[in-house]
Amino acid sequence: MECQECHKRPAALHFTQVINGDKTEVYVCEVCAKEKGYMSYPEEGYSLHHLLSGLFNSTFESPKGTSGQQTHELQCPQCEMTLSEFKRVGKFGCPTCYETFSDHLDSIFRRVHSGNMRHHGKIPARVGGDMRIKKQVDAYKEELQRLIQNEAFEEAATVRDKIKELEKQTRGDNT
Amino acid sequence: MTLQHFMNEAISPWMREEGPDSDIVLSTRIRLARNFAQYSFPILALDKDLQHICQFIRQEYEHQSFQDYHDFSFVPIQDLSPIERRVLVEKHLISPHLAEQNHASAVLISKNEQVSIMVNEEDHLRIQLYFPGFQLNHALKKVFELDDWLEGKIDYAFDEKRGYLTGCPTNVGTGMRASVMMHLPSLSWTQQINRMIPAINQLGLVVRGIYGEGSEATGNIFQISNQITLGKSEEDIVEDLQSVVRELIEHERKARNYIMEQSSTRLEDRIFRSYGVLAYSRIIESKEAARCLSDVRLGIDLGIIENVSRNILNELMVLTQPGFLQQYAKKTLSANERDVLRASLIRERIQLEG
């Protein structure tokens, strides 16, 4: 069997990673095992941060098929954190980093949060006002479909008006 | 409310009330990580921005009250001595990480110490709310209200897809860590807990010692909390944690009954020996104290020891920590001196009751 990292040397080591119950098996050669951090666990002080940067390094391989060597490194316009710093530290520099590095985040979040990439919780009342309304509009739209199917046209009309009213509000807020 | 008040009392006012299942669950905590949209996170923020955040929080929230949480005190971390910082850590009012900060950072504490809001820890705000005993749903409802109140004046960093944005990818989404502190002596004695921890981990929950990440479970006290913050709603996260905690309570009660039935004399012997150590020793290390306190607490829960109150034990657990002992002595103490003072404080409390 060849090494799954370099696809050149024969695989000498076998690692099983279990993350929240998901088992991944990896076969690698000794060189890659060291380089890719499979064996780089420090003797003591093994922290979540080490684990994270380990995850990042195995994740951040040539995004979108470009072959590694990027001449222009991705850098956050607000806090100036670069992609490689982010990988090393395992922490974001500022809220804008989430946008800057967004192409690289899905795979990290998927690993850290057992497959989840999208928020499904509380929405702030003020900042997220529009989003709360959008959520409400979606709920009304579903109801509308149901009412139309049941031929309850009168009620459907009221719901439609509610949707229009809410949509007007969001447009108003945006200007 | 002065800083001195937080320093002198080992047990926070809210701890004096008895919560549901308090024979096994000591406390419930919910923490929310929140950030200002316009500033970099504390690791990269400019010093003037961090100071600005502190000033803003002081201006808007110092001496304010919200619901049952009255008269918030604003305590800048730089103003505290190393011993004072340690005392706040031992009372769980700040994290060890905040205690180490040298940049502008602070904590906002309600009079009853139920709310503590850390400013410029890993995130701009870490909102913590405590309740006695096992009451996760109530805690979630209350922390949401507190969060909405704070948000009235702050633009939170929030993204429709990723949720609340945080410094560390492990907190993004809800930014919520819900945790429950449990006393599980019987599950530890019978070694059952070691077999249960891997199963609990599989559910996306973590088991830790009393002082959080990396700490040991001294005195048979375990902290169970959620690991995953993205993709599940706060209500679902709390529900999952709740069902596991309920399961653990059930198992602990069964194990207690089992030990009582199978080896009651041995159990009584162990409990009374520990009581004896606490009541009469002249030198005691913190580990031994924690172990004995755990035994005596179990003795109280099982009705074997009758003349000591649980509150005394809660108090002693904090009072006998290194920071608190030195705060009490008003000076730095060597390990040996601490062991002597610890023994004398414990003797005093136990005999006061007995």
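Mentor: With B:Val245, which lies in helix 8 (residues 234-262) of chain B. Keep in mind that this is a predicted model.

Trainee: Why is B:Val245 called buried?

Mentor: Its relative accessibility is 0%. Buried means under 20%, so B:Val245 counts as buried.

Trainee: What does B:Val245 touch, leaving out residues up to four places away in sequence?

Mentor: B:Val25, B:Phe134, B:Val180 and B:Met182. Contact here means heavy atoms within 4.5 Å. As for B:His138, its C-alpha is 15 Å from that of B:Val245, and 107 residues separate the two in sequence.

Trainee: How many aromatic pairs are there over all chains?

Mentor: A search of the whole structure finds 12.

Trainee: Why is the pair of B:Phe36 and B:Phe56 called edge-to-face?

Mentor: A pair of aromatic rings is described by the distance of the centres and the angle of the planes. For B:Phe36 and B:Phe56 the centres are 5.9 Å apart and the planes stand at 85°. The limits are 6.5 Å for the centres and over 60 degrees for edge-to-face, so the rings pair and the pair is edge-to-face.

Trainee: Which parts of the chain does that pair link?

Mentor: Distant ones: B:Phe36 is in the loop between strand 1 (25-34) and helix 2 (47-61) of chain B, while B:Phe56 is in helix 2 of chain B, 20 residues apart. Both B:Phe36 and B:Phe56 are buried. In chain A, ring pairs join A:Phe86, A:Phe92, A:Tyr98, A:Phe101 and A:Phe109 into a cluster.

Trainee: What makes B:Arg34 a charge over the ring of B:Tyr164?

Mentor: The charged end of B:Arg34 is 3.4 Å from the centre of that ring. The distance limit is 6 Å, and the atom must also be within 35 degrees of the ring normal. The charged end of A:Lys122 likewise sits over the ring of B:Phe144, at 5.1 Å from its centre.

Trainee: How do the two domains of chain B meet?

Mentor: The domain assignment gives domain 1 (1-11 + 32-173) and domain 2 (263-352). Their centres, taken over C-alpha atoms, are 32 Å apart. The contact involves 12 residues from domain 1 and 14 residues from domain 2. About 1000 Å² is buried between them, with 66% from carbon and sulfur atoms. On the domain 1 side, B:Ala10, B:Ile83 and B:Glu90 lose the most area, together 51% of what that side buries.

Trainee: How many salt bridges does the rule find across that interface?

Mentor: It finds 0 between domain 1 and domain 2 of chain B. The rule asks for a side-chain nitrogen of Lys or Arg within 4 Å of a carboxyl oxygen of Asp or Glu.

Terms used
Residues are numbered from 1 along each chain as its sequence is written. Chains are lettered from A and ligands numbered from 1 in the order in which they are written. This is a predicted model: local features need pLDDT of at least 70, side-chain atom pairs count only at pLDDT 80 or more; totals for chains, interfaces and linings use all residues. Side-chain values use heavy atoms; hydrogens and water are left out. Rings of Phe, Tyr and Trp (its six-membered ring) pair if their centres lie within 6.5 Å; planes under 30 degrees apart count as stacked, over 60 as edge-to-face and the rest as tilted. Helices (H or I, at least four residues) and strands (E, at least two) are DSSP runs, numbered from the N terminus. Buried means under 20% relative accessible area, exposed over 50%, partly exposed in between (1.4 Å probe, protein chains only). Domain bounds come from an automatic or database domain assignment. Buried area is the accessible area (1.4 Å probe) that two parts lose on being put together, summed over both.
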